[in-house]
Amino acid sequence: MADEVSYGLVGTARAGSAAPGGEVIAELAGHPFGGRDGIKLTGTTYLIDEVRLLAPVIPSKVIGFAPRPPGPADDGLDDRSVMYLKPSTAVCGPSDAIRYPALTRRLEATGELAVVIGRLCQQVPAEQAAAAIFGYACALDVTAADLGERDGQWARAKGFDTFCPLGPWLETDAGRAGLELVTSVNGQVCQRAKIPAPGRDVAALVAAASNVMTLLPGDVLLAGAAGGAGPDGVALECGDDVSVSIDGIGTLTNRVEKGD
């Protein structure tokens, strides 16, 4: 059905198939957060060009980490980071439009590593936090920068609908440490950064967040570059195509369009 929504496994078509070597999606019955017993293949396979990719997860909350103003730190995060929230309604998928709100005159975005939580966790120690991670994706953290400066906090500036694109899919194994994240606008590279290793650095952020609030399956942490110490956001205008690529994960691309 054209309007049917399902999870699937992304892979490469086998030799002898209709599109050998091409990317395909094997449809799943159920969803991946139901445990291993809840993941079953339906036997139906689609070419990736035949489907529309949605946001790979709709979290109950998105937690980000931004550079901390100068001063002492004693909350478990490293001394460069401060925690913030984005609502679940900010999430959109690959190729969905980022809406440029009429309320802002300065829209910015930063490419991020999205860390997806796989199980409920609360006050989890850093040495056990890696076990709570389900997978990784690319993300764009969009901000109405002028509103943030005006408000003195980020609830409005980071909370608009479409301000958190996620995709293109979840990668359960992000591979080696020192992966490169590249953010580009209209094909021109604007940012290059090394993201935290999928291990100790990311686990420390999971532990820090879980010591503040309970993390639920599907929740997303924006790990950024070295836990939020990356470069400033890139400026966006209506009509721009903004992309974030991460080694071993893929590329997420969204177009900026005029909003209400």
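Is Arg192 exposed or buried? Arg192 counts as exposed, at 52% relative accessibility. Here, buried means under 20% relative accessible area, exposed means over 50%, and partly exposed lies in between, with a 1.4 Å probe and protein chains only.

This is a predicted model, in which local features need pLDDT of at least 70 and side-chain atom pairs count only at pLDDT 80 or more, while totals for chains, interfaces and linings use all residues. Residues are numbered from 1 along each chain as its sequence is written, and side-chain values use heavy atoms, with hydrogens and water left out.

## Salt bridges

A salt bridge is a side-chain nitrogen of Lys or Arg within 4 Å of a carboxyl oxygen of Asp or Glu. The whole structure holds 10 salt bridges. Three of them are listed here.

| Salt bridge | Closest N to O |
|---|---|
| Arg106 and Glu108 | 3.3 Å |
| Arg192 and Glu180 | 3.3 Å |

Take the Arg192 and Glu180 bridge, with its closest N and O atoms 3.3 Å apart. Arg192 lies in strand S12 (residues 188-194) and Glu180 in strand S11 (residues 180-185), so the pair ties together parts that are 12 residues apart in sequence. Strands (E, at least two residues) and helices (H or I, at least four) are DSSP runs, numbered from the N terminus. Glu180 is partly exposed, with a relative accessible area of 24%. Salt bridges with shared partners also join Lys86, Asp141 and Lys158 into one network.

Arg156 is partly exposed, at a relative accessible area of 32%. Arg106 is partly exposed, with a relative accessible area of 32%.

## Aromatic pairs and a charge over a ring

How many aromatic pairs does a search of the whole structure find? The search finds 2. Tyr84 and Trp154 form an edge-to-face pair, 5.2 Å centre to centre, with 85 degrees between the planes. This pair links distant parts of the chain. Tyr84 is in strand S5 (residues 81-86), and Trp154 is in the loop between H2 and S10, 70 residues apart. Tyr84 is buried, with a relative accessible area of 7%. Trp154 is partly exposed, at 32%.

Phe160 and Phe163 form a tilted pair, 5.2 Å centre to centre, with 50 degrees between the planes. Both Phe160 and Phe163 are buried. Rings of Phe, Tyr and Trp (its six-membered ring) pair if their centres lie within 6.5 Å; planes under 30 degrees apart count as stacked, over 60 as edge-to-face and the rest as tilted.

The charged end of Lys158 sits over the ring of Trp154, 5.5 Å from its centre. A charge sits over a ring if NZ of Lys or CZ of Arg is within 6 Å of the ring centre and within 35 degrees of the ring normal.

## Asn254 and its surroundings

Asn254 lies in strand S16 (residues 250-258). Asn254 counts as buried, at 1% relative accessibility. Its side chain reaches two backbone oxygens: that of Gly93 at 2.9 Å, and that of Asp96 at 2.7 Å. Each is a polar contact: a pair of N or O atoms within 3.5 Å, where within protein one must be able to donate a hydrogen and the other to accept it, and residues adjacent in sequence count only if both atoms are side-chain atoms.

Leaving aside residues up to four places away in sequence, Asn254 touches several others, including Cys92, Pro94, Ser95, Leu140, Pro165 and Asp240. Contact means heavy atoms within 4.5 Å.

## Backbone features

Ser95, one of the residues touched by Asn254, has a positive phi of about 75 degrees although it is not a glycine. Ser95 sits in the loop between strand S6 (91-92) and strand S7 (98-100). Ser95 counts as exposed, at 66% relative accessibility.

Thr162 also has a positive phi, near 75 degrees, in a residue other than glycine. Thr162 lies in the loop between helix H2 (145-151) and S10. Thr162 is buried, with a relative accessible area of 13%.

Which peptide bond is cis? The bond from Gly167 to Pro168 is cis, with omega near -5 degrees. Pro168 is found in strand S10 (residues 164-171).
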